[in-house]
Amino acid sequence: MNIKILSRNGNLYSTARLVEAAKKRKHNVEVIDPLKCDLIIEKKKPSVYYKGRYLSETDAIIPRIGASITYYGTAVVRQFEMMGCFTTTESQALVRSRDKLRSLQILSRARLGLPKTVFTNYSRDVEEIIDHVGGAPLIIKLLEGTQGLGVVLAETKNAAESVIEAFNGLQARVIVQEFIKEAKGADIRAFIIDGQVVGAMKRQGKEGEFRSNLHRGGTAEVITLSDEEENAAIKAAKAMGLGVAGVDMLQSARGPLILEVNSSPGLEGIEKATGKDIAKSVIRYIERGI
């Protein structure tokens, strides 16, 4: 098969591992920078033009689209879909996953456990917002934030009011969420491929840090999910329409609570924590899908 990986940097761990896994399984694979693709749209003949040639002989794509290039990256994925290519992440699912508010609404409709969340149109009644999530401490998240950036823990009511008012004053869109104390700065990342959990890790934030992101100095170890956690992760990926997903959950007294469903989950943390060849599982998903 001819597989194209849509990535801006072929040296990134996830991209390099996918190239390696595809080559091991005797496929032709190429890393394509989505921002350098021209989309040719004409009657019955959609095509992608890249560095002086048409990418017409493409069987499948693996989108590794960063949040900063979601709009154009999604357009490129959509173009390949119009050409009849298999994709590990469909364009509409990618768009849904990048909208944190929409994602939470979809997960809520699917009756999945979530931290109680409030979103308002720059409401002046900040005290009421705080009460809705059970008071301080609470979490305030920028809707555009990634990798733990734009996430604030407000430990007191006064701090929460100040931060929410400051964001409102800047007209920055935020959601306010309850703080799950019993999670103790840890979360779970379940890696889903084609409706199955292929690996799971528990990420622990460094001392004094409530965010567990590995990019922020957190550590990871392999974990065996409970049936309830496994079912929640699979159901969350399905609700979002994602064939490949990283589902982030908190362990709470009322069961697993979904934080986020990532449509372009990194491979480095999960492969190193579990010792599993996740990249190979992605390639095998493509083989089954074509």
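With which residue does Lys-24 form a salt bridge? The partner is Glu-20, and the closest N and O atoms are 3.9 Å apart. A salt bridge here is a side-chain nitrogen of Lys or Arg within 4 Å of a carboxyl oxygen of Asp or Glu. The model is a predicted one, in which local features need pLDDT of at least 70 and side-chain atom pairs count only at pLDDT 80 or more, while totals for chains, interfaces and linings use all residues. Residues are numbered from 1 along each chain as its sequence is written, and side-chain values use heavy atoms, with hydrogens and water left out.

**Salt bridges**

The whole structure holds 15 salt bridges. Lys-24 and Glu-20 are four residues apart in helix 1, so about one helical turn separates them. Helices (H or I, at least four residues) and strands (E, at least two) are DSSP runs, numbered from the N terminus. An α-helix has 3.6 residues a turn, so residues three or four places apart point the same way. Lys-24 is exposed, at 59% relative accessible area, and Glu-20 is partly exposed at 36%. The classes are buried for under 20% relative accessible area, exposed for over 50%, and partly exposed in between (1.4 Å probe, protein chains only).

Another salt bridge joins the side chains of Glu-271 and Arg-17, with an N to O distance of 2.8 Å. This pair links distant parts of the chain, as Glu-271 is in helix 8 (residues 268–274) and Arg-17 in helix 1, 254 residues apart. Glu-271 is buried, at 6% relative accessibility, and Arg-17 is buried as well, at 14%.

Asp-187 and Arg-203 also meet through their side chains, at 2.9 Å from N to O. Asp-187 belongs to strand 12 (residues 186–193) and Arg-203 to strand 13 (residues 196–204), distant parts of the chain 16 residues apart. Asp-187 counts as buried at 6% relative accessibility, and Arg-203 is buried with a relative accessible area of 7%. Salt bridges that share partners also join Arg-17, Glu-20, Lys-24, Glu-271 and Asp-277 into one network.

| Salt bridge | N to O distance |
|---|---|
| Lys-24 and Glu-20 | 3.9 Å |
| Glu-271 and Arg-17 | 2.8 Å |
| Asp-187 and Arg-203 | 2.9 Å |

An open sheet of four strands runs in the order 2-1-6-7, with parallel pairing. Its edge strands are strand 2 (28–32) and strand 7 (86–87), each of which pairs on one side only. Two strands pair if DSSP finds at least two bridges between them. Strand 1 (residues 2–6) and strand 6 (residues 60–63) pair in the parallel sense over four bridges. Pro-63 in strand 6 is the bridge partner of Leu-6. Helix 1 packs on this sheet and touches strand 1, strand 2 and strand 6, and its direction makes about 165° with that of strand 2. Axes are lines fitted to C-alpha atoms, for helices over the stretch in contact, and angles run from 0 to 180 degrees between N-to-C directions.

Ser-14 lies in helix 1 (residues 13–24) and is buried, at 9% relative accessibility. Leaving aside neighbours within four places in sequence, Ser-14 is in contact (heavy atoms within 4.5 Å) with Arg-64, Gly-266, Leu-267 and Glu-268.

**Helix 1 and helix 9**

The axes of helix 1 and helix 9 (residues 278–289) come within 8 Å and cross at roughly 60°. On the helix 1 side the contact is made by Arg-17, Leu-18, Ala-21 and Ala-22, and on the helix 9 side by Ala-279, Lys-280, Val-282 and Ile-283.

**Helix 3**

In helix 3 (residues 91–98) the buried residues are Ser-91, Ala-93, Leu-94, Arg-96 and Ser-97. Their cover includes helix 2 (70–82), helix 4 (100–109), helix 7 (227–240) and strand 16 (255–262).

**Backbone geometry**

Most residues other than glycine have a negative phi, and most peptide bonds are trans. The peptide bond from Ala-136 to Pro-137 is cis, with omega near -5°. Pro-137 sits in the loop between helix 5 (126–132) and strand 9 (138–142).

Lys-51 has a positive phi, near 50°. Lys-51 lies in the loop between strand 4 (47–50) and strand 5 (53–54) and is exposed, at 61% relative accessible area. Lys-184 also has a positive phi, near 55°. Lys-184 lies in the loop between strand 11 (174–178) and strand 12, and is exposed with a relative accessible area of 67%.
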